[in-house]
Amino acid sequence: MDNNIARAEIPNHFDLPRRISGLAELVYNLWWAWNPEVQRLFAETDKNLWEQVYHNPVMFLRRVDRAHLNAVISQKHLLTMYDNLIQAFLDYNQSTDTWFTRTYPAQKDQAIAYFSFEYGLHEALPVYAGGLGVLSGDHLKEASDLGLPLVAVGFLYSKGYFSQHITEDGWQEAHDYTIDYNDVPLVPLLDQSGEPFTIKVELPGREVSARVWQVNVGRVKLLLLDSKLPDNAQVDQQLTERLYGSDLELRISQEILLGIGGVKLLHALDIHVTVWHMNEGHSAFLQIERLKNYLENGMTLAEAQEEVKRSSIFTTHTPVPAGNDEFPLWLIDKYFANTWTQIGCTREEFIDFGKTTTGWGGEAFSMPVLAFKLSQRHNAVSELHMQVSRKMWAPLWPGKKIEEIPIGHVTNGVHVGSWLARRMQALYQEHLDPDWLERSDDPAMWERVLSIPDKELWIVRRHLKRKLTSYVGERIRRQWMAGNLASIQVVAGGVLLDPYILTIGFARRFATYKRANLILSDFERLLRLLNTANAPLQIIFAGKAHPADEPGKLLIQELYRAVKNARGGGRLVFLEDYDMNIARYLVQGVDIWLNTPRRPLEASGTSGQKAAMNGVLNFSVLDGWWREGYNGNNGWAIGVDTNVTDPHEQDTQDASDLYNTLENDIIPMYYENRSSENIPTQWIARMKESIRTLTPLFNTRRMLKEYIGDYYLPAMKKK
Ligand SMILES: *Cc1c(COP(=O)(O)O)cnc(C)c1O
């Protein structure tokens, strides 16, 4: 952001040799998060420090010894690497010739505002909790790659999401930390006099201020609100402290700050937004602020509503109640009593914007309902999720048949540059077309995967699995040496992992519907599979439960008991503190990605998509994206393509299907029919089929182009 209202001033924290002073700006753009060569430059400069600072280039430059930097200048290959990176960065950032400007030249000066409660861009900026955040982060990265004129709004959570520790008896402890803003790639937004740029929102009896931090995501700006200001009351400083607190008053205040504050911010910065995208319902109060603005400009409420709807898109992300915020009406009275007169309606009419009768045993105010009612275009995140959402939200369109409910779908995808292992990128660079990354959504281009020699692909896969197992081993060694662990936890943490055997990964939030314990349901059978001589199996689990989710925490405990069981031989492993870093190691390093949600509750899921592009085979319930991706030869399905109504019946059926497929198909395919060079040719054929058929579809390039064509453009054009 740099105009005559505000400027983003990159902090000058570093003392860099002149020759490589370009790093000072480079590290303040998360472009590095999807350009592995930048990360390699830092890793080669000081490998230990790079790991210590958890792959955070800002922290790295603040801590690195001058001697190490001088070494960069004196080593030709590092200096060349630096020069190439700086050039690539400048070319990327300054280019006005992008896919979007070429394809839609008439729309290039418009602005799309994207609102999300969380953004997962990199482990170095922990302002995300899980899948929703990672999806938002990937959305921004792809918007940057395509040259989409998008500006994003969110929160800078000063304490991020908790870090997870598992006690010896398997209980999840949530540990707190505080982000040091000087250590992360945050650029303060300043006003003309050099003071922090702030906006204000009204809460009952007071005003709350928030300052603004800019995160450069390639060409896209993400603006993060931060209420930790001394002028704010203590409770108001907590608004941007943590993700997903359970307190309802805190939550409604947060959502007011995000939605209403976000609109005020974009107006204050004089950004002329033509499309408003609500990623999940948390930000939906933004529509109330927009109504108010239109009324102040002389529109009637009916006209304002039309205008607001016409320009708005709402994406619903989950059928699970915990993901769909509702507030009791007394809270709406408390927080919005002044608002209904401002937008020229009665209390009843106001409540009606969000009224639901399904929650709280009575009437409540639902954020998704508000978002649905005040937007013209809505989508779910997979085809099955669309069917489920249409049924779920049908009461909002009385008289319409289910097929006519205006909820479409854009199946989620993942950002290829962020999730594809560097070695896999190099392999694709060598064997696919030179512009393979640019064309990653082109199925014809991916046909070329078939031309990769089996042996080369297998060598990279083996390398990635070794990298995973040695990372896990080092990590648990460090924890052990720090003295915080019982010895059994060292086994549970993966010290006995074998880099050469069939490895399954299972990492996700520990919500009960994800059924992490399904594979434990016949423990004796599982133990036999783990320990079969010549054909053993190991399974790596990771994931957090929401701190208030007792059943989720009990699930972790049940799993941890199994993991500690000596009869498992250390082949069941639980990795603490799942985050984007662990996710990368897992989706790149395992052989099989397991997913066992209770259908149809997994709206889309994305981790399996990350796995697929890396040559990992999916083994999943036919839910979410996998129901669209599975073709019989590109992985394995669990259960059938129908909704079973009795959950117990579904559990029993799915568990038996899971064991049978593992025993009869997956394990034999991995270990038998090896070539003379000990390469599992059938397995590799399936791997290529998976990469070929899934990668072009389940990436953010395809996803963003669908959002642009079917959602953003129609809203932009009707001016
Ligand atoms: C990709 C990702 C997710 C989402 O994965 P699901 O398949 O939706 O469970 C969650 N957390 C992290 C850290 C991720 O990288």
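This is a predicted model: local features need pLDDT of at least 70, side-chain atom pairs count only at pLDDT 80 or more; totals for chains, interfaces and linings use all residues.
Domain bounds here come from an automatic or database domain assignment. For this chain, that assignment gives domain 1 (6-94), domain 2 (99-412 + 704-716) and domain 3 (420-698).

A word on the model. Residues are numbered from 1 along each chain as its sequence is written, and side-chain values use heavy atoms, with hydrogens and water left out.

Let's start with domains 1 and 2. Their C-alpha centres lie 33 Å apart. The contact, meaning heavy atoms within 4.5 Å, takes 24 residues from domain 1 and 28 residues from domain 2.

How much area do domain 1 and domain 2 bury between them? About 2,200 Å², with 57% of it on carbon and sulfur atoms. Buried area is the accessible area (1.4 Å probe) that two parts lose on being put together, summed over both. On the domain 1 side, Arg7, Leu30 and Tyr92 supply 26% of the area buried against domain 2, more than any other three residues.

The rule finds two salt bridges across it. A salt bridge is a side-chain nitrogen of Lys or Arg within 4 Å of a carboxyl oxygen of Asp or Glu.

Which elements of domain 1 each supply at least two residues to the side that touches domain 2? They are β1 (7-8), α4 (57-63) and α6 (76-94). Helices (H or I, at least four residues) and strands (E, at least two) are DSSP runs, numbered from the N terminus. α4 gives the most, with four residues.

Now the ligand. There are 14 residues around it, and Trp419, Ala583, Thr606, Ser607 and Lys610 come nearest. Around means a heavy atom within 4 Å. Take the ligand's oxygen atoms. One is 2.5 Å from an N or O atom in the side chain of serine 607. For the side chain of lysine 610, the distance from an N or O atom to a ligand oxygen is 2.6 Å. Threonine 606 uses its backbone: an N or O atom there lies 3.1 Å from a ligand oxygen.

Most residues other than glycine have a negative phi, and most peptide bonds are trans. Arginine 599 and proline 600 are joined by a cis peptide bond, with omega about 5 degrees. Proline 600 sits in the loop between β20 (592-595) and α26 (607-613). Aspartate 270 is not a glycine, yet has a positive phi of about 60 degrees.

Methods
A polar contact is a pair of N or O atoms within 3.5 Å; within protein, one must be able to donate a hydrogen and the other to accept it, and residues adjacent in sequence count only if both atoms are side-chain atoms.
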